[in-house]
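Please keep the model in view while going through the numbered points.

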Amino acid sequence: MTDPRPATEELRTVRLSLRRPVEADIDAIFAIHSDPGTCLHNPSDALVRPEEAAALYQRWNDQWQSCGYGYWVVRRHDSARQLGFCGIKPVDLHGMRTLNLFYRFATSAWGRGYAAESATAVTTWASRHVPDLPLIARVRPANAASRRVAVAAGLTRAEHLDAPGYDGLDWIYAATPTAGHTDRHAYLPASHHHRRP
């Protein structure tokens, strides 16, 4: 069973710190989610009014309180500026409970590998602390950058799980069982992203 208490609220990579969001991040939530570039492939995620960012923060915070995990704010070690957000959220896919891997970054942070570095850290964390839920990423087919992040984080294309999303067809990428993991039923069947915040 998943332990509802957070194992940690902060993750660290070589370059990045990931921490639980706080109210002071609402402005950054709005700035990133109101930029047309960041929501180009997922226009239903775009925010128009600042109060929508406050409501989104509240949903994120509620999930942290109920699940013990959620979306992290991503920053460089040497800066307080929010680069973006990366995390996991329970979702249903074809009647199965899964964890959706989410990542969205300011356009100014694109092209530096921050999303892949963050997504890899979150994927590793999820495999250790929430092993009973399969991890997926729902990615819009035209979003080549998001597809690359999913693969870099260790997920594999699972065409047979593709599903309609809020903005059209979502391609599904799925994690495979880690070495030594015995509960094969906890993972989605493999063939052979990222969605609402």
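1. A residue is called buried when its relative accessible area is under 20%, exposed when it is over 50%, and partly exposed in between (1.4 Å probe, protein chains only). The model is predicted, so local features need pLDDT of at least 70 and side-chain atom pairs count only at pLDDT 80 or more, whereas totals for chains, interfaces and linings use all residues. Residues are numbered from 1 along each chain as its sequence is written, and side-chain values use heavy atoms, with hydrogens and water left out.

2. A salt bridge is a side-chain nitrogen of Lys or Arg within 4 Å of a carboxyl oxygen of Asp or Glu. Ten salt bridges are found when the whole structure is searched. One of them joins Asp45 to Arg104, with 3.0 Å between the closest N and O atoms. Distant parts of the chain are linked by this pair, 59 residues apart: Asp45 lies in the loop between α1 (26–33) and α2 (50–67), and Arg104 in strand β5 (residues 96–105). Asp45 and Arg104 are both buried. Helices (H or I, at least four residues) and strands (E, at least two) are DSSP runs, numbered from the N terminus.

3. Asp170 and Arg138 also form a salt bridge, their closest N and O atoms being 3.0 Å apart. Here strand β9 (residues 168–174), which holds Asp170, is linked to strand β6 (residues 135–139), which holds Arg138; the two residues are 32 residues apart. Both Asp170 and Arg138 are buried.

4. Is the setting of Asp78 buried or exposed? Asp78 is exposed, with a relative accessible area of 61%. Its side chain meets that of Arg76 in a salt bridge (3.2 Å, N to O), and Arg76 is partly exposed, at 29%.

5. A nonpolar core is a set of buried Ala, Val, Leu, Ile, Met, Phe, Trp, Tyr and Cys residues joined through side-chain atoms within 4.5 Å. The largest such core has 33 residues, of which Ile88, Leu101, Tyr103 and Leu155 touch the most other members. Among the elements that give two or more residues to this core are β3 (71–76), β4 (84–93) and α4 (144–152). The most, six residues, comes from α3.

6. Contact means heavy atoms within 4.5 Å. Not counting residues up to four places away in sequence, Leu155 touches residues including Leu101, Thr123, Ile136 and Tyr173.
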